[in-house]
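Visitor: I have this one open beside me and would like to talk it through. Could you take my questions as they come?

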Amino acid sequence: MNEQNEKNYALSTVDADTRAFELVQRQAKMLSSSTLVPKDFAGNIANCAIAINISKRTRLDCLMVCQNLAIIHGRPSWSATALIGMINASGKFSPLRFVMDDDDAPTSCYAVAKDKDSGEELKGEKITLEMAKREGWSTKTGSKWLTMPGQMLRYRAASFWSRAYASDMSLGMYTQDEVRD
């Protein structure tokens, strides 16, 4: 490539980057003015631009990202239900299942799914109520670990499983419950 061609290429790249940035700003402005986005995104063009970026990286609908992503302590985090849905809809795994030690009064749970390519069973770490207590998850005022332990065991098992086997989907982000805990 000669010197003139290199300059033209550099200018066209800068021009394309500028157009792409301006498009994201317009999209973010529209999203931020919507009544369908949560408070973390309403009126906040910058947070909406970040959600658009996450949407592109995860190949998820931008509104879905906004509705299932919370900014807690300055960190984006997924809702556990969205994370489970992303795994189940990916086509990479069988639907995520939760194995409890006792259906009526569970004290432990792990998530499991099969890799569709290899058929390998992918078993996540066992989450226990004792672990929740030791980690301080269940000792906070208003903790859902005390009122709905089975659901919290499932949510935490799913988040641990996703980081071990599907971190590309979650971008390694924690769930809202984890960030709060």
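Visitor: Where do Arg134 and Glu130 lie, and how many residues apart are they?

Guide: Bearing in mind that this is a predicted model, Arg134 and Glu130 both sit in helix α5, which covers residues 129-134, and they are four residues apart, or about one turn of the helix. Their side chains meet in a salt bridge, with an N to O distance of 4.0 Å.

Visitor: Buried or exposed, that Arg134?

Guide: Arg134 is exposed, with a relative accessible area of 59%, whereas Glu130 is partly exposed at 44%.

Visitor: How many salt bridges turn up in the whole structure?

Guide: A search of the whole structure finds six. One of them joins the side chains of Asp168 and Lys92, at 2.6 Å from N to O, and this pair links distant parts of the chain, since Asp168 belongs to helix α8 while Lys92 is in the loop between α4 and β3 (97-100), 76 residues apart.

Visitor: And which residue does Glu178 pair with?

Guide: Glu178 forms a salt bridge with Arg163, where the closest N and O atoms are 2.6 Å apart; here too the pair links distant parts of the chain, with Glu178 in helix α9 and Arg163 in helix α7, 15 residues apart.

Visitor: Why does Glu178 count as buried?

Guide: Glu178 has a relative accessible area of 12%, and it counts as buried because the cut-off for that class is under 20%.

Visitor: Changing topic: what is the volume of the largest pocket?

Guide: The largest pocket has a volume of about 220 Å³. Its lining includes Asp168 and Lys92, the two residues whose side chains meet in the salt bridge mentioned above.

Visitor: Which element gives the most to that lining?

Guide: Helix α4 does, with three residues, and the lining of this pocket as a whole comprises four nonpolar, three polar and four charged residues.

Visitor: What about the second largest pocket, how does its lining divide?

Guide: That pocket, with a volume of about 180 Å³, has a lining of three nonpolar, three polar and six charged residues. Among the lining residues are Trp137, Trp145, Arg156 and Asp181.

Visitor: Last one: which residues does Ser162 touch?

Guide: Leaving aside residues up to four places away in sequence, Ser162 touches Leu83, Ile87, Ser167 and Ser170. Ser162 lies in helix α7 and is buried, with a relative accessible area of 0%.

How values were computed
Residues are numbered from 1 along each chain as its sequence is written. This is a predicted model: local features need pLDDT of at least 70, side-chain atom pairs count only at pLDDT 80 or more; totals for chains, interfaces and linings use all residues. Side-chain values use heavy atoms; hydrogens and water are left out. On a 1 Å grid over the protein atoms alone, a cavity is a set of points where a 1.4 Å probe fits but cannot get out, and a pocket is an open set with protein on both sides within 12 Å along at least five of seven lines; lining residues have an atom within 4 Å of a point. Grid points are joined across faces, edges and corners, and a volume is the space filled by probe spheres set on the points. Helices (H or I, at least four residues) and strands (E, at least two) are DSSP runs, numbered from the N terminus. Ala, Val, Leu, Ile, Met, Phe, Trp, Tyr, Cys and Pro count as nonpolar, Asp, Glu, Lys and Arg as charged, and the others, Gly among them, as polar. Buried means under 20% relative accessible area, exposed over 50%, partly exposed in between (1.4 Å probe, protein chains only). Contact means heavy atoms within 4.5 Å.
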